[in-house]
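Here are my notes on the model. Please read them with the structure open.

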Amino acid sequence: MEALTEFLGTVSGYVWGPPLLILLVGTGIFLTVRLGLLQLRLLPYALKLTFSKNPDKDAEGDISHFQALSTAMAATVGTGNIVGVATAVILGGPGAVFWMWFSAFFGMATKYGEAVLAVKYRIVDAKGQMAGGPMYYLEHGLKQKWLAVLFAVFGAIAAFGIGNGTQSNSVASVVRDTFSVPTWITGIILTIFAAVVIIGGIKTIGKVTAFFVPFMALFYIIAGIIIMILNMDLIPAALGTIFSAAFTGEAAVGGAIGAAIRYGVARGVFSNEAGLGSAPIAAAAAKTDMPGRQALVSMTQVLFDTLIICSITGITIVMSGLYKDDSLEGAALTTAAFEQFLGGVGPYIVAIGLVFFASSTIIGWSYYGEKCFQYLFKNPKLLIVYRIAFVAMVFVGATVSLDVVWTFSDVMNGLMAFPNLIGLLGLSGVIVYETKKITAKIKEEKEQARSGN
């Protein structure tokens, strides 16, 4: 087993190596240029659309804009926001936080492009529900079914690990360590929760995440804001350290700037999943009259996930200076940083945040995995088999060691990106075309509002 874990670790290192990271960021830069800095130009409208009453409630789709965003946020706001950021700072130094921001900025354009294609090429399945994502735009848009099949295989497998077993394992571990609750009890509770939500399908998932996600995000964000307000004098120095270390490699592994870039970009992408192709599966279910409209809402996911939530973790860790302590790793580093600023309540905030984040990831990824499975096996009756297996994995993940499963799923997660990015680059002309349509529509709506019509 150790040999297998070591082998998979080596493979994961190659998959998540410089070629993929360059391709991920490069695609974001390419789309940013082609779309004329859309993530800045239309961000105010995107935020307004995200929190307003769904204007397309009568359009085709299964869930609202906000529910689609919440489902995607549920899947991405997970252990990466607490554990992943801490790991990035440990391995890449404080400068990794800057490169996390860098990749997220361009990742907003990537996320937008993914959602445009997901809605553009979505279909109505045998159950009368929307089905979309990379599988469908690779087959129907790019006309490369073999790439679509590859993505679906990688996605269906990755869902059991990155989106399930490893998340329930993190929840069970932190609940055991913080509240002294046996892992099997946590496993049972998580399994029941997952079963009730997942069996209800995307409409139930959308309703639950629309309530769950804002609550869990605000809980963590408010705690972070309190830390910032109470320690405002430390913020300038922390930001200065982040920016200077980004270009010097200070405190990074080997003192190399490459480490700051690699771990900052990798952990940022791992957190917000821009370019991996998972989130557009949820975007495809949204009620929307135009692909570009839902895509603008989907784009804000990266803003909330990385530029806000991950930033709270990263800045707090740098402010504490505890990243220099070699004895602290992952969640323990984030916990220690929060404890330093908030006292005894700090560890509970991190623990509760991790429980909410990881639990929501299970719900979001259940939908992703199911849609990938559905694409591969057209028979709707087989979905119950996938759901039962997925729910069972929640309990297994909470009660056993998952080193091999984590690493194997990490490989599958990374492999999802390759066919998806090929689709984004190959269909970039479609993304530009749909962007021109939504831009014209927004302009028309503004003119109508001014004239009172």
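Predicted model: local features only at pLDDT ≥ 70, side-chain atom pairs only at ≥ 80, totals over all residues.

1. Residues are numbered from 1 along each chain as its sequence is written, and side-chain values use heavy atoms, without hydrogens and water.

2. Look at helix H9 (residues 145–179) and helix H10 (residues 183–199): their axes come within 9 Å and cross at roughly 130°. Axes here are lines fitted to C-alpha atoms, for helices over the stretch in contact, with angles from 0 to 180 degrees between N-to-C directions. Helices are DSSP runs (H or I, at least four residues), numbered from the N terminus.

3. In H9, Ser168, Val171, Ala172, Val175 and Arg176 meet Thr183, Thr186 and Leu190 of H10. Contact means heavy atoms within 4.5 Å.

4. A salt bridge puts a side-chain nitrogen of Lys or Arg within 4 Å of a carboxyl oxygen of Asp or Glu. The count is seven by this rule.

5. Lys120 pairs with Glu434 in a salt bridge, closest N and O atoms 2.9 Å apart. Lys120 sits in helix H7 (residues 95–120) and Glu434 in helix H20 (residues 428–451), 314 residues apart. Glu434 is buried at 2% relative accessible area; Lys120 is partly exposed at 35%. Buried means under 20%, exposed over 50%, partly exposed in between (1.4 Å probe, protein chains only).

6. Arg387 forms a salt bridge with Glu370, at 2.7 Å between the closest N and O atoms. Arg387 is buried at 12% relative accessibility, and Glu370 is buried at 8%.

Key: Helix = DSSP H or I, 4+ residues; strand = E, 2+ residues; numbered from the N terminus.
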